Amino acid sequence: MSDPPYTIYSYFRSSCSARLRIVLNLKGIEYDIKTVDLLKGDHLSSQHRARNPTATVPLLVHTGSNGGVFKIGQSVAAIEYLEETHPQSRHILPPTSNPEARAITRALAGIIACDLQPVTNMKVMKRVRALGASAEKWNNEIMTEVLGAYETVVKDWAGQYSVGDDITLADVCLLPAVWNAQRYGVDLDAFPTIMAISENLSKHPAVIKAHWRNQPDTPEEMRVE
């Protein structure tokens with residue numbers, strides 16, 4: 001059996017990696033996982049920087065049938081690349097006939113990908129601690145504020161998921177952020193729409209497979225029994 005054409009460099013608790021894992025699973029795309037231990041600083045190694053100059057995860061690598069290699073290291077861009085290159089697979093954007101729903105999907109995804117994740121990631125937490133502040137409090141406050149914004153916007157669009165009854169880009173950005181919010185003690189009961197969406201998402205096989213507890217680099221004591 002030949003190797004899958006896709007490889008993802010991933011860390012089990014990286015929310016951006018989880019987004020990409022969910023979409024690969026939703027679309028039924030086979031892939032290999034190469035783990036990058038952020039706690040050990042593997043992402044800062046010269047080998048990983050050569051692969052991905054931003055020294056981050058995830059990194060999606062596609063090896064074509066002609067042997068050519070394409071690499072893309074931003075999760076949302078990688079997801080849209082998969083959307084465009086696998087038009088027959090399950091879509092994670094609403095149809096082009098509904099531009100308003102497509103715009104809202106991207107706006108909701110942006111609330112997480114632009115307003116929340118970049119300012120609560122490990123790199124920022126280290127800098128917050130270096131300044132003598134509590135990184136955990138920092139994350140709790142920002143997550144509470146940004147999820148509140150998501151809740152306000154999503155109320156008018158939600159069905160079973162964030163935009164109607166199909167899983168979209170908004171959902172694959174939202175759910176890993178909810179996992180992180182749970183970790184930092186955010187009062188998620190304040191966001192009933194988000195919690196209902198998250199509960200629905202958590203039952204999907206593609207999401208279960210992508211969950212941080214079920215990754216090859218998840219420590220044994222943190223795995224689902």
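Me: Which helix gives the largest share of the lining of the second largest pocket?
Reply: H7 does, with 5 residues of that lining. Please note that this is a predicted model.

Me: What volume does the second largest pocket have?
Reply: The second largest pocket holds about 190 Å³ of space.

Me: Which residues line the second largest pocket?
Reply: The lining consists of Arg13, Leu175, Val178, Trp179, Gln182, Arg183, Met195, Ser198, Glu199, Ser202, His211 and Trp212. By class, 5 of the lining residues are nonpolar, 4 are polar and 3 are charged.

Me: Which helices each supply at least two residues of that lining?
Reply: They are H7 and helix H8, which spans residues 192-202.

Me: At what angle do H7 and H8 pack?
Reply: The angle is about 100 degrees, and the two axes are 10 Å apart. An angle from 65 to 115 degrees counts as roughly perpendicular, and H7 and H8 are therefore roughly perpendicular to each other.

Me: Which residues of H7 and H8 meet?
Reply: From H7 come Asp171, Leu174, Leu175 and Val178, and these meet Ile194, Ile197, Ser198 and Leu201 of H8. The contact of H7 with H8 comprises 6 nonpolar residues, 1 polar and 1 charged. Leu175, Val178 and Ser198 belong to this contact, and they also line the second largest pocket.

Me: What lines the largest cavity?
Reply: Its lining is made up of Phe12, Arg13, Ser14, Ser15, Ala18, Arg21, Pro176, Trp179, Asn180, Arg183 and Trp212. H1 and H7 are the elements that give two or more residues to this lining. H7 gives the most, with 4 residues. The lining divides into 5 nonpolar, 3 polar and 3 charged residues.

Me: How do the axes of H5 and H6 cross?
Reply: The axes of H5 and H6 cross at roughly 125 degrees and come within 8 Å. That angle makes H5 oblique to H6. On the H5 side the contact involves Val124, Met125, Val128 and Arg129, and on the H6 side Ala135, Glu136, Trp138 and Asn139. The residues of this contact are 5 nonpolar, 1 polar and 2 charged.

Me: A change of topic: which residues does UniProt list for "domain: GST N-terminal"?
Reply: The UniProt record, an unreviewed entry, lists residues 4-90 under that name. In the model, residues 4-90 are 33% helix and 22% strand, and the end C-alpha atoms of the span lie 19 Å apart.

Me: Last topic, the backbone. Is the peptide bond from Val57 to Pro58 cis or trans?
Reply: The bond from Val57 to Pro58 is cis, with omega near 5 degrees. Pro58 is placed in the loop between helix H2 (46-51) and strand S3 (59-63).

Me: What about Ala55, is its phi positive or negative?
Reply: Ala55 has a positive phi of about 55 degrees, although it is not a glycine. Ala55 lies in the loop between H2 and S3.

Me: Why are these two features worth noting?
Reply: Most peptide bonds are trans, and most residues other than glycine have a negative phi.

Methods. Residues numbered from 1 in each chain as written. Predicted model: local features only at pLDDT ≥ 70, side-chain atom pairs only at ≥ 80, totals over all residues. Heavy atoms only, no water. 1 Å grid on protein atoms, 1.4 Å probe; cavity = no way out; pocket = protein on both sides within 12 Å on 5 of 7 lines; lining within 4 Å. Points joined across faces, edges and corners; volume = space filled by probe spheres on them. Nonpolar A, V, L, I, M, F, W, Y, C, P; charged D, E, K, R; others polar. Axes fitted to C-alpha atoms, helices over the stretch in contact; angles between N-to-C directions. Parallel < 35°, antiparallel > 145°, perpendicular 65-115°, else oblique. Contact = heavy atoms within 4.5 Å. UniProt positions renumbered as here; feature names shortened; annotations may be inferred.
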